[in-house]
Amino acid sequence: MYESFLQQRIARLRSQKGVSAREMSQVLGQSDGYINGIENGHSMPSMAIFFYICEYFEISPKQFFDEEEAAPGLLNDLIRELKKLDETQLESLMPLVKSLAQAGKKK
C-alpha cells in the first residue's frame, strides 16, 4: 500500500519541482538511476535517504505522507511569501483565497 504511494508521491513532487529523476539522484549523492528505481518500484529508500528526500523537497515527513497536500513544497513557498505581508495585505487576499478554495471544492 505505502510502496505505491511513496513511488507516486516522489514522482509527483519531483515533477512539480521540475527536475529529472537523474538530477535528483545526483543531488542526493546516489547513482543516476536511484530515484528512477524507487519510482518504478524496484527499490525503497532507507530512512536516512527518505529524510534527505524530504529535505530536497523542502517539506516535512508529515507533509510527505499528507495526501490532502497535493503540492506541499509550493504551499510552503506560499506561506513563506505570505509571512512577508502586513495584516492589511493579508486581509485583502482573504476573499480571493476563500473564493479559490470554494471553486476547488466544486470540481
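Colleague: Is Gln-7 buried or exposed?

Modeller: The model is a predicted one, and Gln-7 lies in its helix α1. A residue counts as buried under 20% relative accessible area. Gln-7 has a relative accessible area of 18%, so Gln-7 is buried.

Colleague: Which residues is Gln-7 in contact with, leaving aside its neighbours within four places in sequence?

Modeller: Contact here requires heavy atoms within 4.5 Å. With neighbours within four places in sequence left aside, the contacts of Gln-7 are Ile-38, Glu-39 and Gly-41.

Colleague: Glu-39 forms a salt bridge; which residue is the partner, and where do the two lie?

Modeller: The closest N and O atoms of the pair are 2.7 Å apart, and the cut-off for a salt bridge is 4 Å. Both residues are buried. Glu-39 belongs to helix α3 and the partner to helix α1, 25 residues apart, so that the pair links distant parts of the chain. The partner is Arg-14.

Colleague: Turning to Tyr-34, is that residue buried or exposed?

Modeller: Tyr-34 is placed in helix α3, residues 34-39. Leaving aside neighbours within four places in sequence, Tyr-34 is in contact with Ser-25, Ser-43, Met-44, Pro-45, Ser-46 and Ile-49. Its relative accessibility is 16%, and therefore Tyr-34 counts as buried.

Colleague: How many Å apart in space are Tyr-34 and Arg-80?

Modeller: In sequence, Tyr-34 and Arg-80 are 46 residues apart. From C-alpha to C-alpha, their separation in space is 31 Å.

Colleague: Which parts of the chain does the salt bridge between Arg-80 and Glu-58 tie together?

Modeller: The side chains of Arg-80 and Glu-58 meet at 3.3 Å, N to O. These residues are 22 residues apart in sequence, so the pair ties together helix α6, where Arg-80 lies, and the loop between α4 (47-57) and α5 (61-65), where Glu-58 lies.

Colleague: Lys-84 and Glu-81 meet in a salt bridge; which of the two counts as exposed?

Modeller: The distance between their side chains is 3.0 Å, N to O. Glu-81 is partly exposed, at 45%.

Colleague: Which residues do salt bridges that share partners join into one network?

Modeller: The count of salt bridges comes to five. Those that share partners form one network, which joins Glu-58, Asp-77 and Arg-80.

Colleague: Which element gives the largest share of the lining of the largest pocket?

Modeller: The largest pocket holds about 330 Å³ of space. The elements that give two or more residues to its lining are α6 (72-82) and α7 (87-106). By class, the lining has eight nonpolar, no polar and no charged residues. The largest share, five residues, comes from α7.

Colleague: How many charged residues are in the lining of the second largest pocket?

Modeller: The second largest pocket has a volume of about 190 Å³. Its lining includes Lys-17, Glu-58 and Asp-77, and α1 (2-17) and α6 are the elements that give two or more residues to the lining. By class, the lining divides into four nonpolar and two polar residues, and the charged residues number three.

Notes. Residues numbered from 1 in each chain as written. Predicted model: local features only at pLDDT ≥ 70, side-chain atom pairs only at ≥ 80, totals over all residues. Heavy atoms only, no water. 1 Å grid on protein atoms, 1.4 Å probe; cavity = no way out; pocket = protein on both sides within 12 Å on 5 of 7 lines; lining within 4 Å. Points joined across faces, edges and corners; volume = space filled by probe spheres on them. Helix = DSSP H or I, 4+ residues; strand = E, 2+ residues; numbered from the N terminus. Nonpolar A, V, L, I, M, F, W, Y, C, P; charged D, E, K, R; others polar. Buried < 20%, exposed > 50% of the residue type's maximum accessible area, 1.4 Å probe, protein only.
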